[in-house]
Each structure stands twice: as structure tokens, then as C-alpha cells.
Amino acid sequence: MVALNANSVESSVTKLALVVVPVEKSYPPQSSSPSPGLHSAATIPLLDLELLHHWHTTTAASLAHSKPIQDLFRITVPDVALSYPFLMHSLLAVSALHIGHKCPPERRRKYTEAAIRHNDLSLSLCTPLLSNVTSENCHALFAFSCLVVIFAYAAEHPASSLDTLDEGDVVKVFKLVRGAGSIVGQARPWIEQGEMRQLLGAGRNLRQPSTTKYAHELYARLKEIIEQDAGPLGHDQKVGSALSSSFEHLRDVLRRCTTREDPGALMSWPVMVHADYLDLLLQGEPTSFAILGHYGVALELLKDEWWLDGWGEFLVNLALKRLGPTGEWKMARCLELLRADRAERAASGDSTGG
């Protein structure tokens, strides 16, 4: 782990205290000659310093599998955030969610509230810049867009909120992901030349090839479905086009994952689908849920990040619930693959990251 030098830490603490978090209370000295150290300590935002420390020591490393990108998250992103408070707030929000993900339930509320507070502040500060992306601010905005995606998935935390989430929550998260992706679209040439360019490949985190063999079978299954039915039967042209393109995009990103061409492609699927597909989910269209269920299986097979904890299983269960007993057959084969993968990982003692 790369340690920050003393000047970097002092600068981080000073700017965090002065810029990022306003002091809500001031505590009067208890005597006429208070100790300067004790008096100043009362105004230090200790929770936020804890979040920053956790980011440097733990969270940054959990966001990537390669050391160069881990170092970028740990060192470069906070350094840029010192000049862009919205990025600092976003960083602290993700750190708070990471602590909450790992800590006992009785301690989780404090960190969840901190995460929400920092995320709200980040969004309020960032919003005016989204309509004016420049060669200077695009790097901070791009890092922010990466953290927004992580926050969007982690904040819902299906593993602990399974009974309260539905397709509306899925669409909300997918729209946030799509919005974050638009930042890259606006500024990609600048980003490719800047210090954040490695984050363009930060999604290249997959389980080892030996544990993704069932993803190859899932890809073959999707390919077979599409070849058998070039367009979903019984739909008008607009609906059929939205469903077909969404299925084909899923097949294509899965191919890129399983061939190692672009292991991070799976996370781009919500950005690639047609906006009409999201509307079909909200309308309860059955085939849209069959596609969503297959995406959930793909997440379960290929992704093991803490911030995606429970998402694959949630999407699968939501699809089965909306399809009902008469439509479950559409998911039968991919569920067999998922059960086989889980059994194999359980036998080998594999565990998820985080």
C-alpha cells in the first residue's frame, strides 16, 4: 500500500475541515486558558476524517483489482478532489457506504446518514458543472461519474432491502448509470489524455477465467435465443425493436466479457439499452423481465464487487416474480447455470470481494 506523505495528509485534513464540512457546533472552552489543541480538536469533523482514512486504507483498494488503478483511486482521486469539493463529497459518500457494508447492523445507520449527506452535497455542487464540461473539470467529473455509479448500486443494497425494492428502483439506478456515462461521451478525448484515463478501464474486474465457464454457456444460451427468435413475437415494431436490441446488447457485452476482450463491458449494458426498454420494465412487460433476469445471472456469474452485493440475485428474483409460474421457463436454463456456478464456488471456498 502506498502511504501519503505528511504534507499530503496535512493538506487533506486542512482542506477537508475548511472546505468540505461546515462545523455545525462550536464548543466553548471549559476554562479561561484552554489548551489550543483541545479547543481545536472540538471543531475537527472526526467522522469525515474517519471516512477519508478508510478511503485511503481500505475503500480505494476495494474498487479495482489492479494495483495501478487502486493507487489512482487512493492517491490521484483524493488529490484532484482537493480542488473539486463535489468529488471529495462523492468520495466520502462511497467510503461511508463501504464502512456501512462491512460493519454490524447496529452501527450502520450513522454511516448511511453520512453517505446520504455527502452524496446530496456532491450532487448540489456538481450539477451546475454538468452543463459546462471543460478540458479542466472533465477529469474530476469523470471520477465523480465512476463514484456515482458505485454509490447508486451500493446505496440500494438489495441484500438488506430485498422486500422493498422493485423495478422502479432498478430503472432509477440504471438512469443514474446512463447519466454518468454521458459525461464520458462528452469528454472522452480529454479524459484519454489526462491522469484519470486509467479509470476508463476500471471496470475490467472479473472473477478468474476458471470460475467463469458458466458465463460462456450463458452467452451461448443468449445467442441461441436470439437466433431462434429474431424479434420477440406478439409485439408491435417499436416494442419488439427495444426488446431485441436490449437482448442483443446483452449478448454482445457477455461475449466481450467471456473472451476477455473487454471484461468491464457488463457494466455498460444499462447505458446501451434503448430508453424504451426501461419504460417496458415499468409497464411490466414480461419479456423485458426475462432479459433483466438474464442480466442478473450474468452479474452473479462475473462480478464480485462489494457495491454490487445482492444485485444479481435481486434482478433474478424480480424477474421470476414478474414472470410468474407460467413464464419461469424463460429463465430455466440460465438458473441451472447459476446454481451450478454457486455449487462450484461453494465447494472451492470462493467468497465475494469487499
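## Where two helices meet

In this predicted model, H294, V297, E300 and L301 in helix 14 meet C334, L337, L338, D341, R342 and R345 in helix 16, where contact means heavy atoms within 4.5 Å. Helices are DSSP runs of H or I with at least four residues, numbered from the N terminus.

Helix 14 and helix 16 (residues 332–348) pack at an angle of about 15°, and their axes lie 10 Å apart; the axes are lines fitted to C-alpha atoms over the stretch in contact, with angles running from 0 to 180 degrees between N-to-C directions. Helix 14 and helix 16 are therefore roughly parallel to each other, a term for angles under 35 degrees.

## Helix 14 itself

The 17 residues of helix 14 (residues 286–302) should span 24 Å at 1.5 Å a residue, which agrees with the 25 Å between its end C-alpha atoms; the expected span is 1.5 Å times one less than the number of residues. Of these 17 residues, 16 are buried, meaning under 20% relative accessible area with a 1.4 Å probe, protein chains only.

## A buried threonine

T59 belongs to helix 3 (residues 46–62), and T59 is buried, because its relative accessible area is 0%. Leaving aside neighbours within four places in sequence, T59 is in contact with H54, V94, S95 and H98.

## About the values

Residues are numbered from 1 along each chain as its sequence is written, and side-chain values use heavy atoms, with hydrogens and water left out. Local features need pLDDT of at least 70 and side-chain atom pairs count only at pLDDT 80 or more, whereas totals for chains, interfaces and linings use all residues.

Terms used
Buried means under 20% relative accessible area, exposed over 50%, partly exposed in between (1.4 Å probe, protein chains only). Angles under 35 degrees count as roughly parallel, over 145 as roughly antiparallel, 65 to 115 as roughly perpendicular and the rest as oblique.
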